[in-house]
Amino acid sequence: MAAADELAFHEFEEASDLLAETPDAATTSGSNQLTPQGHVAVAVDSGGSYGAEEEVEESDRTALLQEEKQQPGFWTFGYYQSFFDVDTSQVLDRIRGSLLPRPGHNFVRHHLRNRPDLYGPFWICATLAFVLAVTGNLTLVLAQRRDPSIHYSPQFHKVTVAGVTIYCYVWLVPLALWAFLRWRKGVRERMGPYTFLETVCVYGYSLFVFIPTVVLWLIPVPWLQWLFGGLALALSAASLVFTLWPVVREDTRLVAAVLLSTVVLLHALLAVGCKAQQEGKPLPALPLRP
Amino acid sequence: MAEAAESSGDPGTTSPRPLFAGLSDISISQDIPVEGEITIPMRSHIREFDSSTLNESVQNTIMRDLKAVGKKFMHVLYPRKSNTLLRDWDLWGPLILCVTLALMLQRSSIDSEKDGGPQFAEVFVIVWFGAVTITLNSKLLGGNISFFQSLCVLGYCILPLTVAMLVCRLVLLAEPGPINFVVRFFVVIVMFAWSIVASTAFLADSQPPNRKALAIYPVFLFYFVISWMILTFTP
């Protein structure tokens, strides 16, 4: 019992205390005595890093949980809660995976492990929208320092424009991609297509590299800005391409090439749009009234 | 209950006296009727108290609510881990703070529409929709705080930033210059840190331990955006 006391979660502490004090209490609690310890044992093992053996235990645990409760319907809160079932370490690991794409590593299989989340894409897009607006504002301030004739204004509408654009990109482009891949599903034998959420996840996490890039674009050296922009685009597009390659590889060459180049092109458009919006056109100073 | 009483009276059990030991001494036979009155002495007092709030003067009612709001302001200004903000939540404080902040962020110049500063509606929407989004986020991550409690905490923790806005407006009455900006920057940074510390003190305990950073980051972003709006305000 001492081990269970150390390892018990909060919600089981009262139960195990009560059971310790009244061992002869109603017999229905006898079987419950096993399940808290059983849950504790499995959860401790699968809380650490991922590996082959631990995946088996994790799948055992998920199988056990699925026996206990059915899949909640889409009108319940629990359904949406399943999309936010990530820990801090997992989110950081996924961000790291999107920053450093490697040719063999498929982001979906390796990092997402078929458990996509909506936390990452949502908050990365929100951060990117706000950072774009803030740095656009800062660019204007710095430009005004150099050239006092430029009139400064907070330009708050930039936040709205940036936010709407980025969110539309992260939702509509994966939707089109997913629909296209499903349509072509008949050609492929080996690998099934990704679910919609996994595609959204890949796109969302791939946008993370733009956040430091937009901050670095404050440095007013043009060739350095182009360098950072190119680097960010390369990293982010590489992450997308390496993820999509195993799925598209079995398709005809033409379709594969067109799809991948469309993906990269849209991504480049987004990068250019971010840069253009960040520069903005500073308003000329208002003429003095006579 | 009767079975438990009989079984715990068995001889030969060597366990320490369990919680319900005294039950073995009670024998409930069917002859003794069990009846009586259950009255709690305090209850009639409370009932009196409740009905009397209908008859009290309007000033008493308003002062009581204002005192509750003021008490919560004090809790925000000196954040300790306490439950007051969570237990008796109310949304008056956040509303007062949000309206004050939005009014102060209004620009007084004639051509304010062309300049594109945040309008009253934009500030209002950002504060309330931001707070709702953060609350939904923390609930989806598995936090056990109720919706309105979280809105209450986030709204009350805007108080340091409202104070910063007041100070900035006063400082902007002086002549503009780099010292002016440095003072405003310093004040906003300090108040931003204060807001984050206050809201973390109240909200952090309600999150599962391995997701605390995930729940706190949106709060950081929220107060950062409000601080940015305050810092870039020019009359």
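Reader: How many helices and strands does chain A have?
Author: Chain A has 13 helices and 0 strands, where helices (H or I, at least four residues) and strands (E, at least two) are DSSP runs, numbered from the N terminus. This is a predicted model, in which local features need pLDDT of at least 70, side-chain atom pairs count only at pLDDT 80 or more, and totals for chains, interfaces and linings use all residues. Residues are numbered from 1 along each chain as its sequence is written, chains are lettered from A and ligands numbered from 1 in the order in which they are written, and side-chain values use heavy atoms, with hydrogens and water left out.

Reader: What share of chain A is buried?
Author: Of its 290 residues, 40% are buried, meaning under 20% relative accessible area, with exposed over 50% and partly exposed in between (1.4 Å probe, protein chains only).

Reader: Turning to A:Thr88, where is it placed?
Author: A:Thr88 belongs to helix α6, which covers residues 88–99 of chain A.

Reader: Why does A:Thr88 count as buried?
Author: Because its relative accessibility is 18%.

Reader: Which residues is A:Thr88 in contact with, leaving aside neighbours within four places in sequence?
Author: They are B:Asn210, B:Arg211, B:Lys212, B:Ala213 and B:Leu214; contact means heavy atoms within 4.5 Å.

Reader: And what does the side chain of A:Thr88 reach?
Author: That side chain reaches the backbone oxygen of B:Asn210 at 2.9 Å.

Definitions and conventions:
A polar contact is a pair of N or O atoms within 3.5 Å; within protein, one must be able to donate a hydrogen and the other to accept it, and residues adjacent in sequence count only if both atoms are side-chain atoms.
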